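Please look over the sequence and the model below before reading on.

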Amino acid sequence: MKTKKIICILISLIVLLTSFSVAAYANAAQKNKTSISISKKSVTLTKGKTYKLKLKNANAKKVKWSIKNKKVATVKNGRITAKSVGKTTIIAKYKKKTYKCKVTVKAKKKPTTTKKETTTNQGKKKESTTSSETTTNTTTTSTTQPTNEPVSETTTQETSEVTSESTSDLPQQEKSLKLMVDGQEIDVIWEENASVNALKEMAESGDIVINLSKYGGFEQFGEIGKTLPSNDKRITTKPGDIILYNSDSVVMFYGSNTWSYTRLGKVQGMSDEELTELLGNKDVIITICMR
């Protein structure tokens with residue numbers, strides 16, 4: 001009798017455990033199924049720039065990418081290339097489901113002349129005109145004949161030469177590498193290495209605009225669109241570290257991680273809380289430039 005009770009209890013336990021296992025498996029499967037998402041739902045690029053889209057928690061080889069308007073931009077394996085001004089939509093298909101990202105392409109900004117050059121040129125003209133008028137008045141009083149053109153020209157040339165010499169003696173400010181996060185300039189101490197030198201060369205040709213995406217709850221990363229020289233070492237990052245990853249991506253940390261990286265720089269003058277406020281709430285756009 002006792003043996004039958006024990007057997008019944010064991011069978012009941014086995015049934016219960018099996019039910020719990022099936023339920024847990026079903027929940028896990030459902031969670032994995034719903035966690036697939038596109039890394040960015042909208043992207044704004046300038047003409048000629050690129051951006052890499054990803055389908056999170058999906059097998060990248062099985063994702064099919066397409067675009068509605070190929071005249072505005074193209075997409076290959078998730079990498080968008082901006083071609084002309086306009087708007088279009090990127091579509092990623094995976095396991096009979098579609099994921100979309102809106103793309104806006106803007107024109108490149110035209111270079112403008114600086115105010116310093118305009119002010120200097122105006123200053124030269126004003127000085128030469130004043131000198132010419134003074135000389136003309138003096139000569140007219142002494143000779144009583146308005147034949148002052150040669151004197152006026154000589155004085156004007158001398159004044160222009162003096163102004164030109166004094167202007168050329170002024171020291172020119174040396175440009176340095178700057179970092180902007182969503183339009184806000186961030187103070188950075190840059191490393192002295194081949195990777196940073198390559199960034200400077202790129203920035204000399206034009207501003208480097210990179211769309212960053214949050215990842216792991218401790219960093220934001222984005223692809224540069226070009227491969228840079230690297231010297232990866234296994235390091236543990238800290239908030240404020242700016243890192244080169246895989247030779248083609250910039251990573252900004254507001255937390256910590258241990259991996260093989262090449263250091264680019266370090267944000268200065270911001271606390272851990274301020275860095276989390278800047279980078280931990282939403283995806284940002286950074287601009288690396290020479291100013």
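The model is predicted. The protein has 291 residues, and 32% of them count as buried. Its secondary structure consists of five helices and 20 strands. Among contacts with a separation of 6 or more, 60% are between residues 24 or more positions apart. The accessible surface of the protein is about 19900 Å², and carbon and sulfur atoms make up 53% of that area.

Helix α1 covers residues 2-34, and I6 is placed in it. I6 is exposed, because its relative accessible area is 51% and the limit for exposed is over 50%. Together with I9, L10, L13 and L16, I6 makes a nonpolar surface patch of about 480 Å².

Strand β8 runs over residues 86-94 and contains T89. Is T89 buried or exposed? T89 has a relative accessible area of 15%, so T89 is buried, the limit being under 20%. Leaving aside residues up to four places away in sequence, T89 touches S66, I67, K68, K100 and C101.

One of these partners, C101, is itself buried, with a relative accessible area of 0%. Another cysteine, C289, has 2% relative accessibility and therefore counts as buried. A disulfide is a covalent bond that joins the sulfur atoms of two cysteines. How many disulfides does the model have? The count is zero, where a disulfide would need two cysteine sulfur atoms within 2.5 Å.

The last topic is the aromatic rings. To describe a pair of aromatic rings, one gives the distance of the centres and the angle of the planes. The structure holds four aromatic pairs. In one of them, Y215 and F221 are arranged edge-to-face, with 6.0 Å centre to centre and 85 degrees between the planes. Another pair, F218 and F253, is stacked, with 6.3 Å centre to centre and 5 degrees between the planes. This pair links distant parts of the chain, as F218 and F253 are 35 residues apart. F218 lies in the loop between β14 (213-215) and β15 (219-223), whereas F253 is in strand β18 (residues 249-253). F218 and F253 are both buried. They also belong to one aromatic cluster, which F218 and F253 form with Y245 and Y261.

Methods:
Residues numbered from 1 in each chain as written. Predicted model: local features only at pLDDT ≥ 70, side-chain atom pairs only at ≥ 80, totals over all residues. Heavy atoms only, no water. Phe/Tyr/Trp six-rings, centres within 6.5 Å; stacked < 30°, edge-to-face > 60°. Helix = DSSP H or I, 4+ residues; strand = E, 2+ residues; numbered from the N terminus. Buried < 20%, exposed > 50% of the residue type's maximum accessible area, 1.4 Å probe, protein only. Patch = residues over 30% accessible without salt bridge, like charges linked within 9 Å, V, L, I, M, F, W, Y side chains within 5 Å. Areas by Shrake-Rupley, 256 points an atom, 1.4 Å probe, with all protein chains shown as cover. Salt bridge = Lys/Arg side-chain N within 4 Å of Asp/Glu carboxyl O. Contact = heavy atoms within 4.5 Å.
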